[in-house]
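Here is a protein chain to get to know, taken piece by piece. Have a look at the sequence and the fold before reading on.

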Amino acid sequence: MCSSNTCTHTAMTGAVLPGDSSTQLKEFAIPEPGHGEVLIRVKASTICGSDIRCIYHEHLGKGPEGYQGVIAGHEPSGQIEKVGPGCRQFKNGDRVVVYHISGCGVCNDCRRGYMISCTNEKYRRAYGWQRDGGMAPYMIAEEKDLLALPDELSYVDGAQVACGFGTVYEGLEKIGISGNDAVLVTGLGPVGLAAAVLSRALGAKLIIGTDAIDERLQIAKDLGLCDHVLKAGPDNVEEIRALTGGHGVERAVDCSAHHAARKTAVQATRKWGKIVLIGEGGTMDLNPSPDLIHDQKTIYGSWVTSTWRMEELLERLVRWGVKPSELVTHRFALENVSDAYSLMASGKCGKVAVCFDEELDV
């Protein structure tokens, strides 16, 4: 057994993704933290859409960006079990969120806190992609990749911030959201639902969501995240203009990665409006002059977030009383990880979490 300070087990089970829409459970040695590293007892690890798109179905990444057969899971949160030599901030028992990219720490992007954009091919390694992640009872993380999880937030809250909520917050901060804005969210998967939650927290009074999957529309309705939910279709632009006095929305957030939804996001945005693209993959088909130039619109691209902004978000979630875990519709034990990934791949759910200890009993 493992106490709060010492682990006496030597082996553990972890989940890997072969790339054929299946999972495998394998035995691994429980690792020892090296210099500047900590051993984390994982409490929650949520599943990201990028895991499904780029690893679960097929291994799309190439070279140093490819999945390297490691323990999956890049959205972990847990409690520090053991601190390696050279650590400066965290100690045994601390509750932490793991920023899911470990960068070199010294390139320009890393110095800005955007380790997602680290340019060092040798040292940039993502948890759950090129180094072991959170789909196991224990994991090693570098201290520089950790953020303190406030006591007011659960470990499942923290796992959500590790990627999804952090990614959305970055995008919303790029376009700015306030009480002046009507907001459109295209794509109501876990990222889109998070966009609705955070848009409301930032002051938006009118939020419209679209999606092609009925179960996702129902989740948004049941949780009261959007003022209006629309089935994705060719009439969405007219419907959205009708809901906004004929003008369109001030801000649009695409979380769908679908070419038609992206076009809707741009065309349903009013003059001088701003659009941010968060959903990855797919294509985009626009007519620049009428869709953008003549209406003075701006499109932003946004990829994950920085460590400092993620830290800021954790603080603000407490202030706002927002619980990201409310978007988790299903929790699974590690032994049922196959069901967790299969459900997430179906799209007929909110966020899916693999949980341990007290987080599994909620």
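This is a predicted model: local features need pLDDT of at least 70, side-chain atom pairs count only at pLDDT 80 or more; totals for chains, interfaces and linings use all residues.

Residues are numbered from 1 along each chain as its sequence is written, and side-chain values use heavy atoms, with hydrogens and water left out.

**Rings**

Let's start with the aromatic rings. Rings of Phe, Tyr and Trp (its six-membered ring) pair if their centres lie within 6.5 Å; planes under 30 degrees apart count as stacked, over 60 as edge-to-face and the rest as tilted. Searching the whole structure turns up one aromatic pair. The ring centres of Tyr 56 and Tyr 341 are 5.6 Å apart and the planes are at 20 degrees, so this pair is stacked. Tyr 56 belongs to helix H1 (residues 49-56) and Tyr 341 to helix H10 (residues 337-346), so the pair ties together parts that are 285 residues apart in sequence. Helices (H or I, at least four residues) and strands (E, at least two) are DSSP runs here, numbered from the N terminus.

Are these two tyrosines buried or exposed? Buried means under 20% relative accessible area, exposed over 50%, and partly exposed in between (1.4 Å probe, protein chains only). Tyr 56 counts as buried at 5% relative accessibility, and Tyr 341 counts as buried at 0%.

**Cores**

Now for the inside. In soluble globular proteins, nonpolar side chains tend to be buried together. A nonpolar core is a set of buried Ala, Val, Leu, Ile, Met, Phe, Trp, Tyr and Cys residues joined through side-chain atoms within 4.5 Å. The largest one holds 100 residues, and Met 135, Leu 146, Val 253 and Tyr 341 touch the most other members. Helix H3 (residues 155-175) gives the largest share of this core, 10 residues. Apart from it lies another core, of 11 residues, including Leu 184, Ile 240, Ala 252 and Ile 275.

Tyr 341 turns up again here. Not counting residues up to four places away in sequence, Tyr 341 touches a set including Leu 17, Ile 47, Tyr 56, Ala 72 and Met 135. Contact means heavy atoms within 4.5 Å.

**Helix packing**

Two packed helices are described by the angle between their axes and the distance between the axes. Axes are lines fitted to C-alpha atoms, for helices over the stretch in contact, and angles run from 0 to 180 degrees between N-to-C directions.

H3 and helix H9 (residues 307-320) pack at an angle of about 90 degrees, with axes 10 Å apart. That makes H3 roughly perpendicular to H9; angles under 35 degrees count as roughly parallel, over 145 as roughly antiparallel, 65 to 115 as roughly perpendicular and the rest as oblique. Among the residues making the contact are Phe 165 and Tyr 169 of H3 and Leu 313 and Trp 320 of H9.

The axes of H1 and H10 come within 9 Å and cross at roughly 100 degrees, which makes H1 roughly perpendicular to H10. Here Gly 49, Asp 51, Ile 52 and Tyr 56 in H1 meet Tyr 341, Ser 342, Met 344 and Ala 345 in H10.

**Single residues**

| Residue | Relative accessibility | Class |
|---|---|---|
| Ser 21 | 35% | partly exposed |
| Trp 272 | 60% | exposed |
| His 100 | 5% | buried |
| Glu 27 | 66% | exposed |
| Gly 176 | 27% | partly exposed |

Ser 21 has a positive phi of about 60 degrees although it is not a glycine, and lies in the loop between strand S1 (11-16) and strand S2 (24-29). Trp 272, also not a glycine, has a positive phi of about 65 degrees and lies in strand S14 (residues 269-277).

His 100 lies in the loop between strand S5 (95-98) and strand S6 (101-102). Leaving aside neighbours within four places in sequence, the contacts of His 100 include His 74, Tyr 127 and Cys 163.
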